[in-house]
Amino acid sequence: MFVVRLYVTALTLMFLVCALLTRGIGTLEGVITVCSMLYLILDMRAELSDLKLLEAKVLSLSSGSN
């Protein structure tokens, strides 16, 4: 999943640089950038909630073995 996030980030940055160098940021570029950033934020939130569940399971297992 990290590779997908890295790929989307690299594509977004390359797109922004190309848009800035050629004609500037317009409505289409803004929409594409906002959508990709929202995807990354929502993806990270889902992964963080999964990590919190995993942490709770590990803590319950470690406290049960003491």
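Q: Buried means under 20% relative accessible area, exposed over 50%, and partly exposed in between (1.4 Å probe, protein chains only). By that scale, is Asp-43 buried or exposed?
A: Welcome! This is a predicted model, where local features need pLDDT of at least 70, side-chain atom pairs count only at pLDDT 80 or more, and totals for chains, interfaces and linings use all residues. Residues are numbered from 1 along each chain as its sequence is written, and side-chain values use heavy atoms, leaving out hydrogens and water. Asp-43 has a relative accessible area of 12%, so the word for Asp-43 is buried.

Q: How many helices does the chain have?
A: Helices (H or I, at least four residues) and strands (E, at least two) are DSSP runs, numbered from the N terminus. The chain has zero strands. Its count of helices is two.

Q: What is the radius of gyration of the chain?
A: This value is taken over C-alpha atoms, and the globule rule is 2.2 Å times the number of residues to the power 0.38. For 66 residues the rule gives 11 Å, and the chain is well over that, so it is more spread out than a compact globule. The C-alpha trace spans about 65 × 20 × 10 Å along its principal axes. The radius of gyration is 19 Å.

Q: What area does the nonpolar surface patch with Leu-51 have?
A: Nonpolar side chains (Val, Leu, Ile, Met, Phe, Trp, Tyr) are joined within 5 Å and like charges within 9 Å, using residues with over 30% relative accessible area and no salt bridge. Leu-51, in helix α2 (residues 27-65), is partly exposed at 46%. The patch is made by Leu-48, Leu-51, Leu-54 and Val-58. With areas from the Shrake-Rupley method with a 1.4 Å probe, where for residues only the protein chains shown count as cover, the patch has about 360 Å².

Notes. Salt bridge = Lys/Arg side-chain N within 4 Å of Asp/Glu carboxyl O.
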